[in-house]
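Reader: I would like to learn how to read a model of this kind, one feature at a time. Could we start from a single residue and work outwards?

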Amino acid sequence: MKSKDQEYKEIFLAEALENHEELNRLLTLLEKKSDDTKSVNAIFRITHTLKGNAAGMGFQNVADFAHVLEDFFGEVRDGNLALDDAIFTNLFKAVDVLGALINAIKDDGKVQFRGIKTKLEVLLKSVRQETASTKKEDKPIENKTARSATKPKQKPAKKVSKARRPAADLKSEKKSVPDHHAKMVEEGENTQEAPDTKMTFSDLVQVPVRKLDNLLNLVGELVIERDRIIAVNAGNMDSNEYARLNRVSSDLQYSVMDVRLVQVGFLFNKFHRVARDAASLEGKKVSLNLKGTDTEIDRNILQIISDSLIHLIRNAVGHGIETPDERKKAGKPEEGRIVLSAFSESDAVIIEIKDDGTGIDAAAVRDKAIKKGLISAEDARQMSDNDAILMIFEPGFSTMDQVTSISGRGVGMDVVKKALDSIGGNVSVHAELGKGTTFSLRLPSSMAVKGTLLFELGAETYAIPLAYTEAVVSLYKPDLHKVSNGLVATYLDKTISVVFLQDLFALKNWESVYQDKVLHRSFDDLDPQKKLDIIIVSYNGRTIGFVVDKLLQQKEIVEKPLMKPMDRVKIISGVTIMGNGHVCLVFNVAAICNMIFTKNFSSKNMMSYQ
Amino acid sequence: MSDNTSLKMDEPNETKEQSLETQQLIVFRQGTEEYGLHIDQIKEVVLTPNITKMPQTPNYVKGVANIRGNIIGIIDLEEKFGIKEATTTDRANKENNYTLVVESDEFKVGILVTEVPNTLSVSSADMEHSINIVHDHNVNSEYIQAIVKLKDRLIILIDIFKVLNEQELETVTSNTVGAG
């Protein structure tokens, strides 16, 4: 994995080389038509940009050189300096040297650039003197700086010594060398070796994301096809037969996924502004610290969660951090601290937003949830504080009573939750009253491949994302108990509710779940000897067991979205194509849990909390 | 050609089906009747692939299938029109041989047919647009575009997107969306 510096350097180089190309092009244009002010302005702009970028990156040689060019063209632009052939020769040489300097950054080579630079500086100086003193004679001023003893540049060059020395050189030269009518041509050779004119190409290629998406799709199909072929021929082929195909296609898949990875820093860096704006609106003092900015994540995932992160940051400022007065009273430093950090954990990326503000009042959340009818009072009492806090992600929940411009606009945290659900991510909250809150988002690092568990239900095969599954257990009928309208079982000493998936799927719509005994149907017909395969999933702090007909295997799948109008079926998030060409539906745990818990089921019968 | 265009212009408020051009239809049998679709609404006809049942969809939606890498909803129009009794996806997998793939900007769906559909050129003179059909109130007949009358045949020309856009499909599936 590349360090951040190196990545920035690569980007700088790509841009600088592009600038260099453009300079070459413009200069050629300008030579043909020396009164083209547009080109002059463009060159001025480009050199200016290059100077800024190079200075920012600490490539002082390039920055200085670009600076001289910039000044030079500044004079040309202002009409103080007319261009003639001799000057062009020098300018082209200067641009070549600039290119060489840029390339030297890449391979750490040494480039002699003093000579040409000094030449330009002398030219500039004389122009300025002239315009200052006498009314300028409209004649190009050339200078002789035939100093064959140009010293090789020193690396790493210190800003001060570098900036000073040419100037010193210049002064001494100014005296010894007559201002006018020096011959440029002759000293071109001895100041430095002829610049290398070989073509240079950037090491970076810019590719639209759309093309990458397409590539990833194709690779996905390839993998599906590979699995299909292997499945078809599984019986009559040596299992090693496909090892190579397997390996190459896997490598291809991972390479494509790797291409799509970007560093979270690109997004994180934008949040300084978000936090600042939010803080100044609220009259609070906040500092944002970034950690783990070089963590890599799929570009599309980053895009999907970017709004959520903005929301969470604003939330941390708006709800988490107190006003400076409150903070002082609480014995905290006036300035609130928000830490935005990212790190990789196996194939997931964790992003944490941590603030040192008030924390979240679990009791207040409970009250509010009860008031809004999201849970019953008894359930609320049984919930742990952290679980209760998870209620803030329920649709229609917002703790702040008054609406501010920053947060509490009714679009609550459920937006965050939804964004996470759509990519198979997770969120957890850890809050300590008076000390602060930590939101921790668990994101898949790539969208392409999903680890799933395959199971059979009815005649069909379904896949359930491993991101949500906790465990798989086998129970028998006596292990299940009817409690009111639902079923419960014991798992790891916890009472969890159990649902026969076939009962759910048989429903025409969710309203009919209210009919008596709907969820007992399969249970009633059950043979006590039959072993039940139960997949235990947890979502947003709730645990539920799904009874399936048969567990198959674990499989990495490439998920495809459903097309209209089928995409309206929310309990299915997508499909994958199996080895035999059949379509396998991917279960949307988030949606199904939302439906079961939030709306239609009475919480008392169905819910269970650890 | 110019005659045709002027003719079209002269008929206010009439769709292009009204002009005297011949039109290409795809004709397929549903139950004992023949139904027709405009050829430009059809993308292709394929052997029906394995259909995977979709939970929480109306019964006439048989499920989804993989057609050339696209996952497409498969619909049984016979069931939708009340021509036959409801069947299961299993039976649909065994019985229906061909799938008409219908495509619009909005979506793609497959329609199950038992026989290979034919193409047919009909003159718009043979189309009867204003039709009054006695039907019970459950059936929305808006999707019936015209009745094509040939010597011994009667073809019901339908606008497939009207069939699919019907409120019904919306509401049934949106029941499941409610909480999401």
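Reader: Does A:Asp493 count as buried or exposed, and why?

Author: A residue is called buried if 20 or more other C-beta atoms, placed from the backbone, lie within 10 Å of its own, exposed if 12 or fewer do, and partly exposed in between. A:Asp493 counts as exposed because it has 6 C-beta neighbours inside 10 Å. Before going on, note that this is a predicted model, in which local features need pLDDT of at least 70 and side-chain atom pairs count only at pLDDT 80 or more, while totals for chains, interfaces and linings use all residues. Residues are numbered from 1 along each chain as its sequence is written, and chains are lettered from A and ligands numbered from 1 in the order in which they are written.

Reader: Where is A:Asp493 found, and what is its phi?

Author: As a general idea, most residues other than glycine have a negative phi. A:Asp493 has a positive phi, near 70 degrees, without being a glycine, and it is found in the loop between E12 and E13 of chain A; helices (H or I, at least four residues) and strands (E, at least two) are DSSP runs, numbered from the N terminus. A:Leu492 is also placed in the loop between strand E12 (486-491) and strand E13 (494-500) of chain A, and its phi is positive too, at about 50 degrees, although it is not a glycine. A:Leu492 counts as exposed because it has 11 C-beta neighbours inside 10 Å.

Reader: In what order do the strands of the sheet with E12 and E13 of chain A lie?

Author: Strands of a sheet pair through backbone hydrogen bonds, either parallel or antiparallel. Here two strands are taken to pair if DSSP finds at least two bridges between them. The open sheet has 6 strands in the order E10-E14-E15-E13-E12-E11 (chain A), with mixed pairing. Strand E10 (469-476) and strand E11 (481-483) of chain A are the edge strands, each pairing on one side only. On average, neighbouring strands of this sheet are turned by 40 degrees against each other, direction ignored. E11(A) and E12(A) run antiparallel and are joined by 3 bridges, and A:Val483 has A:Gly486 in E12(A) as its bridge partner.

Reader: What is the strand order in the sheet that contains E2 and E4 of chain A?

Author: That open sheet has 5 strands, ordered E2-E4-E5-E7-E6 (chain A), and its pairing is mixed. Its edge strands are strand E2 (286-291) and strand E6 (426-432) of chain A, each of which pairs on one side only. From one strand to the next, the twist averages 15 degrees. Helix H11 (residues 271-282) of chain A packs on the sheet and touches E2 and E4 of chain A (two residues are in contact if their C-beta atoms, placed from the backbone, lie within 7 Å), and its direction makes about 160 degrees with that of E2(A). Within the sheet, strand E4 (residues 336-345) and strand E5 (residues 348-355) of chain A pair in the antiparallel sense over 8 bridges, with A:Val339 opposite A:Lys354 in E5(A).

Reader: How should I read the packing of two helices, and at what angle do H3 and H4 of chain A pack?

Author: Axes are lines fitted to C-alpha atoms, for helices over the stretch in contact, and angles run from 0 to 180 degrees between N-to-C directions. Helix H3 (residues 60-77) and helix H4 (residues 85-107) of chain A pack at an angle of about 160 degrees, with their axes 10 Å apart. H3(A) and H4(A) are therefore roughly antiparallel (angles under 35 degrees count as roughly parallel, over 145 as roughly antiparallel, 65 to 115 as roughly perpendicular and the rest as oblique). Among the residues making the contact are A:Phe65 and A:Leu69 of H3(A) and A:Leu98 and A:Ile102 of H4(A).

Reader: Which parts of chain B have the lowest and highest confidence?

Author: Where pLDDT is low, the predicted coordinates should not be read in detail. The pLDDT is the predictor's confidence in each residue, from 0 to 100. In chain B, confidence is lowest in helix H1 (residues 2-10), at a mean of 41, and highest in strand E2 (residues 33-38), at 88. Chain B averages a pLDDT of 73, and 72% of the residues score at least 70. Over residues 1-18 of chain B pLDDT stays under 50, as it does over residues 170-180 of chain B. For the complex, the predictor gives an ipTM of 0.71 and a pTM of 0.56.
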